[in-house]
Amino acid sequence: SIGVTQWQERTVERSLKAARQRAISRGNTFIAAAVALLRTTGKVDFTVQEVVDRSGMSLRSFYQHFASKDDLLLAVVEETVHRHVERARRRVEAETNPVDKLRALLVAMFGSQETDDPASRGLALFHWHLADSRTDEFAATIQPYVDTVGEILESGVAEGCFRTDISVPVMAGLVTHTLVSILDMRVLGVDAVREDIKADDLVRWCL
């Protein structure tokens, strides 16, 4: 049989591209609605119907994009992390020394959450729920942090800037998990050590 022509392939490609952009745009509309509800309530106990009502879209459209409210909140976390990491990387790229790069990254991350923003509190609560109920997805959400820290540590170890008694992957994991826990506890108002932990404290731990 005769295969498809090039114009047919181009038509299908354009059609798929347009459908992809529409799906992303509508997904972003639901994400924005969820963030607005988080800011209003500070909690994640709102319903899918409330998200739909705020978005101005249909319930059918919601379930075409997200399997559940948890899937929507997971997307909110992923988008939030993506923005934080992109902003932090811009600061990192302005530095040349690995120690300064790590400091720039951690300073950026420490300032990435507003403790008085109800949305931050809601996302912190969901983060803990996610860690318990969907461990793989939780690990994936913080992987961009781990990767970025790991890149800096690896270059610093090669230059003799950081400690070598702990492997880079383990050290990157320890730094990231510590950072995420500190940020979550800060947002939730938990003061376990009764002393403010700063970015430089984590930097010194790596030296």
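Colleague: What does valine 51 touch, not counting residues up to four places away in sequence?
Modeller: Valine 51 touches Phe30, Ala33, Leu37, Phe46, Phe62 and Leu72, where contact means heavy atoms within 4.5 Å. This is a predicted model, in which local features need pLDDT of at least 70, side-chain atom pairs count only at pLDDT 80 or more, and totals for chains, interfaces and linings use all residues. Residues are numbered from 1 along each chain as its sequence is written, and side-chain values use heavy atoms, with hydrogens and water left out.

Colleague: And which residues touch the most other members of the largest nonpolar core?
Modeller: Val51 again, along with Phe62, Leu72, Leu102, Leu106 and Leu153, in a core of 54 residues. A nonpolar core here is a set of buried Ala, Val, Leu, Ile, Met, Phe, Trp, Tyr and Cys residues joined through side-chain atoms within 4.5 Å. Buried means under 20% relative accessible area, exposed over 50%, and partly exposed in between, using a 1.4 Å probe and protein chains only.

Colleague: Which helix supplies the largest share of this core?
Modeller: That is α4, with 10 residues. Helices are DSSP runs of H or I with at least four residues, numbered from the N terminus.

Colleague: Switching to α6, which residues are buried there?
Modeller: Ala119, Ser120, Gly122, Leu123, Ala124, Phe126, His127 and Leu130. The buried residues of α6 pack against α1 (6-41), α4 (69-93), α7 (135-158) and α8 (168-188).

Colleague: Is threonine 176 buried or exposed?
Modeller: Buried, with a relative accessible area of 1%. Threonine 176 sits in helix α8 and, leaving aside neighbours within four places in sequence, is in contact with Ile142, Tyr145, Val146 and Val149.

Colleague: Last topic: which residues line the largest cavity?
Modeller: Val85, Leu105, Leu106, Met109, Tyr145, Thr148, Val149 and Leu179. The elements giving two or more residues to this lining are α5 and α7. On a 1 Å grid over the protein atoms alone, a cavity is a set of points where a 1.4 Å probe fits but cannot get out, and lining residues have an atom within 4 Å of a point.

How values were computed
1 Å grid on protein atoms, 1.4 Å probe; cavity = no way out; pocket = protein on both sides within 12 Å on 5 of 7 lines; lining within 4 Å.
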